[in-house]
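Thanks for making time for this one. I would like to walk through a single chain with you, so please have the sequence and the model open as I talk.

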Amino acid sequence: MIEFKLRRFLSGTKVRNYLIIIASVILLVVVTILAEFGDKKYDWSREKDGVPIEHYKKTKISEMDILEMLKEIKDPEFNINIVDLGLILDTDIEEEKILINMILTTPYCPYSSTIIDDVRKTLFKYDKVNSVLLTIRSEPVWSYDRLTEDGKKAVNKFFKGEQSHEHQH
């Protein structure tokens, strides 16, 4: 008896339409969540960002120079530079464009916009830098193993309370 009423209820057009709407909403939510995990690219140049081009000096820059520049940027949560924290996957230079692949400590890092903006500001402080392509990768996932030796020491100090908890930018 209950099974018959349930079948009759589910066979109704109104219920079927509701189920289609619910399934569509669920699909939309899943697609939106999956889209958040994709790589994000930030393409900056002095001209596009309004940084005076006359301050640019066409000077050879090395990958070591780039890493040294990036060491000035500290993760606001841990107060450790993003290189030692293991967020930089690799750097490269194509023509005059600096290419950086990096990850964040979590996909929904609350400080992601701050870190990304700090990368832009820090690199354009240097007159050797004309354009940058920063790609925030969704993989690999950050883990403790990504830390440099200096990064491991700093994290251990952080968790022992030996380091200042002030947020620095």
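Let me begin with T122, which is buried at a relative accessible area of 10%, where buried means under 20% relative accessible area, exposed means over 50%, and partly exposed lies in between, with a 1.4 Å probe and protein chains only. T122 is found in helix 5, and here helices (H or I, at least four residues) and strands (E, at least two) are DSSP runs, numbered from the N terminus. Leaving aside neighbours within four places in sequence, T122 is in contact with M69, E72 and I73, contact meaning heavy atoms within 4.5 Å.

A word on where this comes from. This is a predicted model, in which local features need pLDDT of at least 70 and side-chain atom pairs count only at pLDDT 80 or more, while totals for chains, interfaces and linings use all residues. Residues are numbered from 1 along each chain as its sequence is written, and side-chain values use heavy atoms, with hydrogens and water left out. The chain averages a pLDDT of 83, and 73% of the residues score at least 70, pLDDT being the predictor's confidence in each residue, from 0 to 100. Please be careful with residues 165–169, over which pLDDT stays under 50.

Now the overall layout. The secondary structure comes to six helices and four strands, and from the N terminus on the elements run α-α-β-α-α-β-β-α-β-α. Of the 169 residues of the chain, 33% count as buried.

How do the strands pair? Two strands pair if DSSP finds at least two bridges between them, and strand 2 (residues 88–94) is joined to strand 3 (residues 97–102) by six bridges in the antiparallel sense, with D92 having L99 as its bridge partner. These two strands form a hairpin with two residues between them, and E95 in the turn has a positive phi of about 55 degrees. Strand 1 (residues 40–45) and strand 4 also pair in the antiparallel sense over six bridges, and W44 is partnered there by V132. Strand 3 and strand 4, by contrast, run parallel, again joined by six bridges, with N101 standing opposite T135. Between those two, the chain crosses through helix 5 (residues 112–124), and this β-α-β crossover is right-handed, which is to say that, with the strands pointing away from the viewer, the path from the first strand over the helix to the second runs clockwise.

Is strand 4 enclosed or open? Five of the six residues of strand 4 (residues 131–136) are buried, so this strand is largely enclosed by the rest of the structure.

I100 is in contact, beyond its neighbours within four places in sequence, with residues including L70, V119 and L134.

Finally, the aromatic rings. Rings of Phe, Tyr and Trp (its six-membered ring) pair if their centres lie within 6.5 Å, with planes under 30 degrees apart counted as stacked, over 60 as edge-to-face and the rest as tilted, and a search of the whole structure finds four such pairs. The rings of F158 and F159 have centres 5.1 Å apart and planes at 85 degrees, so this pair is edge-to-face. F158 counts as buried at 12% relative accessibility, whereas F159, at 60%, counts as exposed.
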